[in-house]
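User: I'm new to this one and keep wondering how the labels get assigned. Can you walk me through a few of them?

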Amino acid sequence: KGDLSVFETNIRFVGGLLSAFALTKDRMFLRKGEEIADLLLPAFDTPTGIPYSLIDVRSGKASNFPWASSGCSILAEFGTLQLEFDYLSNLTGNFIYSNKIVKMNEVIANLAKPSGLVPMFLNPHTGRWGNHEFSMGAMADSYYEYLLKKWLIGGKKEKIYKQRYDDVIKAMEAKMLHTSEQDKLVYFAELNGQTAVHQMEHLACFSAGMFALQAMNEESRDARRHYMSLAEGIGHTCHESYARSNILTLTIFAALGLGPEKFSMGNSNAEAISDRDKYYILRPEAIEG
C-alpha cells in the first residue's frame with residue numbers, strides 16, 4: 001500500500017533479479033524482474049516521457065515529490081534506469097522498456113545545459129530544468145555513472161554516451177572541482193546557480209571508483225593519467241573524512257573511524273559540518289571508491 005520509489009525499485013528489485021538471472025539462468029528471476037518493471041511503466045506516462053519519481057502500483061497513479069523544485073523529477077532517479085531497462089529488453093525481446101529510455105534520453109540531449117552542466121531537477125510536464133543546482137552527490141550522482149557504464153556495457157560502440165559523459169564531467173571539472181588551501185584535498189563543490197558551496201557528501205565518494213573505471217578505459221595515455229589522478233584525489237579526500245572523524249572529534253561515532261554523511265571543505269577540511277551530519281548509514285560509496 002502506498003507509493004514506491006521508481007528509482008529504488010528499479011535498481012534494487014529489477015536490477016537484483018536480472019543480476020540473479022544472469023548468474024543462474026533461472027528464468028523465474030527474469031519473469032519476476034519483468035513483472036516489477038511492468039508495474040513501473042505508468043510512471044513514464046508524462047508529456048515529455050521523463051518519468052515521475054513515485055508510483056502507486058495498485059492504482060497505477062504516478063507523482064513526484066512536492067519538495068523537488070516544485071514537483072520536478074530528479075536527475076539521479078530518472079537517469080538511473082537505463083542499464084536495467086535496456087538489459088531487460090535485450091533479454092525478453094520486448095523493447096517497450098528500452099524505448100522509454102530512448103525517448104527520455106532524447107529529451108535530455110536536446111535541452112540546453114547551463115555552462116555545460118546538468119541540473120538536478122527536470123519538470124516532466126514542461127521539459128524545462130528546475131532550480132539550477134548541481135552536485136556530484138545526492139540527486140545527481142548515478143546519472144553520471146550510468147552514462148559511463150552504458151558506454152562500457154555496450155562494448156564502447158555507442159559513443160554518444162561517452163560523449164555525453166565527457167561533456168558533463170569536463171564542465172564539472174571546470175566549474176565545480178576544487179583543491180582545499182589548507183590540506184590540498186581534492187573535491188567537487190556543490191553549485192547553487194553560480195555560487196559554490198564548499199562541502200561534500202559521502203554519496204559523492206562513489207566518483208573515485210567511477211573515475212578509476214574511466215581511466216582504465218581511456219585510449220589516451222594523458223586521459224588515463226588525468227582521471228586516475230582525479231580518482232586518487234577524491235579517494236584520498238574521502239579516506240580523510242573517515243580518518244579525521246576518529247582523530248579530531250570526541251564522540252562514540254568518531255571512535256569507530258567512520259566518515260560522516262556530509263563534510264565541510266572550508267576551514268575544517270573533511271570534517272562533519274554539524275552534529276546532525278555525524279551519522280553513517282551503511283553507505284557503500286567510499287568502499288566502492
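This is a predicted model: local features need pLDDT of at least 70, side-chain atom pairs count only at pLDDT 80 or more; totals for chains, interfaces and linings use all residues.

User: What makes E11 and E12 paired strands?

Analyst: Pairing takes at least two bridges. E11 and strand E12 (residues 262-264) are joined by 3 bridges and run antiparallel, so they pass.

User: Why are E11 and E13 said to stand at the edges?

Analyst: The open sheet has 3 strands in the order E11-E12-E13. Strand E11 (199-201) and strand E13 (271-272) each have a single partner strand, so one side of each has no neighbour in the sheet.

User: Which residues is Met200 in contact with, beyond its neighbours within four places in sequence?

Analyst: Among them are Tyr187, Cys205, Ile234, Phe263 and Met265. Met200 is also one of the residues that touch the most other members of the largest nonpolar core, which has 74 residues. Helix H7 (residues 159-176) gives the most to that core, with 7 residues.

User: How do you know that Asp141 is buried?

Analyst: Buried means under 20% relative accessible area. Asp141 comes in at 12%, so it counts as buried. Asp141 lies in helix H6 (residues 141-153) and touches Ala76, Met136, Leu203 and Phe206, leaving out residues up to four places away in sequence.

User: Why does Glu285 count as buried?

Analyst: Its relative accessibility is 12%, and the cut-off is under 20%, so Glu285 is buried.

User: Which residues does UniProt list for "active site"?

Analyst: The unreviewed UniProt entry lists Glu8, Asp141, Glu261 and Glu285. The lining of the largest pocket takes in these residues: Glu8, Asp141, Glu261 and Glu285.

Conventions:
Residues are numbered from 1 along each chain as its sequence is written. Side-chain values use heavy atoms; hydrogens and water are left out. A nonpolar core is a set of buried Ala, Val, Leu, Ile, Met, Phe, Trp, Tyr and Cys residues joined through side-chain atoms within 4.5 Å. Buried means under 20% relative accessible area, exposed over 50%, partly exposed in between (1.4 Å probe, protein chains only). Helices (H or I, at least four residues) and strands (E, at least two) are DSSP runs, numbered from the N terminus. Contact means heavy atoms within 4.5 Å. UniProt positions are given in the numbering used here, feature names are shortened, and annotations may be inferred rather than shown by experiment. On a 1 Å grid over the protein atoms alone, a cavity is a set of points where a 1.4 Å probe fits but cannot get out, and a pocket is an open set with protein on both sides within 12 Å along at least five of seven lines; lining residues have an atom within 4 Å of a point.
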